[in-house]
Amino acid sequence: MIGTILTALIAGTVIGILGKFLAPGGRDNIPLWLTVLCGIGGVFIGSYVYAALFDCADINNCTNGIDWWRHLWQIVAAAVLVVIAAGITGRKRA
């Protein structure tokens, strides 16, 4: 359980930053802490959507080795969450 939470925090930080870079245009002007939260959400949402679409019984073990497709789904989910968070916060550029 602790390992899963720690993995989600670390992966969420990395994936949140990658999702921020993939967000279109100036829509990604949100604070870093919110980007990390979007990344953590992207890890969970991307994993569950991937598992549901590709019929994986165990979310963490859909393939042997590194599951690059699952990570891609996580990054896209994080990018969508970054865009949504930027739209909600409405933070303007200086």
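**View 1. Ile84 on helix H3.** Ile84 is found in helix H3. The model shown in these views is predicted. Ile84 has a relative accessibility of 44%. Ile84 therefore counts as partly exposed, because that class lies between the buried limit of under 20% and the exposed limit of over 50%. Ile84 is also one of the residues of a nonpolar surface patch.

**View 2. The nonpolar patch.** A nonpolar patch lies on the surface, with about 1,100 Å² of accessible area together. Its members are Ile45, Val49, Leu53, Phe54, Trp69, Leu72, Trp73, Val76, Val80, Ile84 and Ile88. Two elements give two or more residues each: helix H2 (32-53) and H3. H3 gives the most, with seven residues.

**View 3. Helix H3 from end to end.** Helix H3 covers residues 68-89. The helix has 22 residues. Its first and last C-alpha atoms are 31 Å apart, close to the 32 Å expected at 1.5 Å a residue. The buried residues of H3 include five alanines by name: Ala77, Ala78, Ala79, Ala85 and Ala86. Ile75 and Val82 are buried too. Arg70 and Gln74 complete the buried list.

**View 4. Gln74, a buried polar residue.** Gln74 sits in helix H3. Its relative accessible area is 3%. Gln74 is buried because this value falls under the 20% limit. Which side chain makes a polar contact with the side chain of Gln74? The partner is the side chain of His71, at 3.0 Å.

**View 5. Neighbours of Gln74 beyond its own stretch of sequence.** Residues up to four places away in sequence are left out here. Gln74 then touches Ile15, Gly42, Val43, Gly46 and Ser47. Among these, Gly42, Val43, Gly46 and Ser47 fall within helix H2 (32-53).

**View 6. The whole chain, for context.** The protein chain holds three helices and zero strands. From the N terminus on, the order is α-α-α. The chain has 94 residues, and buried residues make up 35% of them. Consider contacts with a separation of 6 or more: residues 24 or more positions apart account for 73% of these. The chain exposes about 6,100 Å². Carbon and sulfur atoms supply 71% of that area.

Technical notes:
Residues numbered from 1 in each chain as written. Predicted model: local features only at pLDDT ≥ 70, side-chain atom pairs only at ≥ 80, totals over all residues. Heavy atoms only, no water. Helix = DSSP H or I, 4+ residues; strand = E, 2+ residues; numbered from the N terminus. Buried < 20%, exposed > 50% of the residue type's maximum accessible area, 1.4 Å probe, protein only. Polar contact = N/O pair within 3.5 Å; in protein donor to acceptor, adjacent residues only side chain to side chain. Contact = heavy atoms within 4.5 Å. Areas by Shrake-Rupley, 256 points an atom, 1.4 Å probe, with all protein chains shown as cover. Expected span 1.5 Å × (residues − 1). Patch = residues over 30% accessible without salt bridge, like charges linked within 9 Å, V, L, I, M, F, W, Y side chains within 5 Å. Salt bridge = Lys/Arg side-chain N within 4 Å of Asp/Glu carboxyl O.
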